[in-house]
Amino acid sequence: MEKIKKITKVTDNPYVNLYNLDVVNRKGKDFKYYVASRAKEIDRLELSTGQQHADGVIIYSLYGEKRDKVVLIRQYRYAIDNYIYEFPAGLVETGEDYHAAAVREMREETGLTLHPIQVAPVFEKPYYTTIGMTDECCGTVYGYADGEISKDMLEDSEDLEVVLADREEVRRILREERVAIVCSYMLMHFLQDEEPFGFLQVK
């Protein structure tokens with residue numbers, strides 16, 4: 001049976017940290033594993049608490065009178081030294097509900113106002129992003145956006161442009177550009193479903 005024997009915090013950073021795990025594999029052999037986490041301390045790791053929570057939020061929103069455009073951002077990411085298409089997203093602050101975080105993050109990243117819609121919990125609850133390397137979980141908030149695009153609230157470390165993409169542009173993006181995986185799946189719904197949020201009605 002697999003077992004974690006010891007956890008050692010390797011870094012001390014404000015947004016993400018690396019933890020070294022001394023573990024025993026299913027055949028009884030010792031080896032090391034590494035976990036990146038938003039948790040600032042060992043006792044806040046999910047493997048310590050057993051509790052799942054939303055570290056961040058992803059925002060899938062439609063824009064325009066006909067609601068025929070999807071709000072995307074094209075953002076520079078250091079991990080690839082390049083730009084990638086994503087949904088607006090961000091971290092949930094301590095004690096903040098991730099629905100409220102979505103409204104705040106949309107305003108900060110795009111200048112737009114998000115009007116969330118109510119959906120069944122199965123569609124919005126936190127899911128894991130890249131479980132092979134991190135315990136990070138993100139909730140998803142769906143809604144409609146309006147207003148004017150603005151970069152006034154961007155942090156100095158954020159290099160992005162807001163893209164209001166219709167179906168033709170989404171097809172081009174999926175063919176030709178780097179796209180975050182969760183965003184790509186949702187964009188496939190946007191392309192194929194007559195009502196982009198139709199899948200949210202499935203019971």
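Predicted model: local features only at pLDDT ≥ 70, side-chain atom pairs only at ≥ 80, totals over all residues.
Guide: Residues are numbered from 1 along each chain as its sequence is written, and side-chain values use heavy atoms, with hydrogens and water left out.

Visitor: Why is glutamine 75 called buried?

Guide: Buried means under 20% relative accessible area, exposed over 50%, and partly exposed in between (1.4 Å probe, protein chains only). Glutamine 75 has a relative accessible area of 5%, and is therefore buried. Leaving aside neighbours within four places in sequence, glutamine 75 is in contact (heavy atoms within 4.5 Å) with Asn82, Tyr83, Ile84, Glu86, Glu158, Asp159 and Leu160.

Visitor: Why does aspartate 30 count as exposed?

Guide: The relative accessibility of aspartate 30 is 54%, so the residue counts as exposed. Aspartate 30 touches Lys5, Val23 and Val24, not counting residues up to four places away in sequence.

Visitor: What makes the pair of tyrosine 76 and tyrosine 78 edge-to-face?

Guide: The structure holds nine aromatic pairs. The ring centres of tyrosine 76 and tyrosine 78 are 5.2 Å apart and the planes stand at 90 degrees, so this pair is edge-to-face. By definition, rings of Phe, Tyr and Trp (its six-membered ring) pair if their centres lie within 6.5 Å; planes under 30 degrees apart count as stacked, over 60 as edge-to-face and the rest as tilted. Tyrosine 76 also forms an edge-to-face pair with tyrosine 83, at 5.6 Å centre to centre and 70 degrees between the planes.

Visitor: How exposed are tyrosine 78 and tyrosine 83?

Guide: Tyrosine 78 has 67% relative accessibility and so counts as exposed. Tyrosine 83 has a relative accessible area of 29%, and is therefore partly exposed.

Visitor: How do you know that the charged end of arginine 74 sits over the ring of tyrosine 83?

Guide: The term requires NZ of Lys or CZ of Arg within 6 Å of the ring centre and within 35 degrees of the ring normal. The charged end of arginine 74 sits over the ring of tyrosine 83, 4.4 Å from its centre. The charged end of arginine 67 likewise sits over the ring of tyrosine 144, 3.6 Å from its centre.

Visitor: Which residues does the cluster of ring pairs link?

Guide: Ring pairs link Tyr60, Phe87, Phe123, Tyr142, Tyr144, Phe197 and Phe199 into a cluster.
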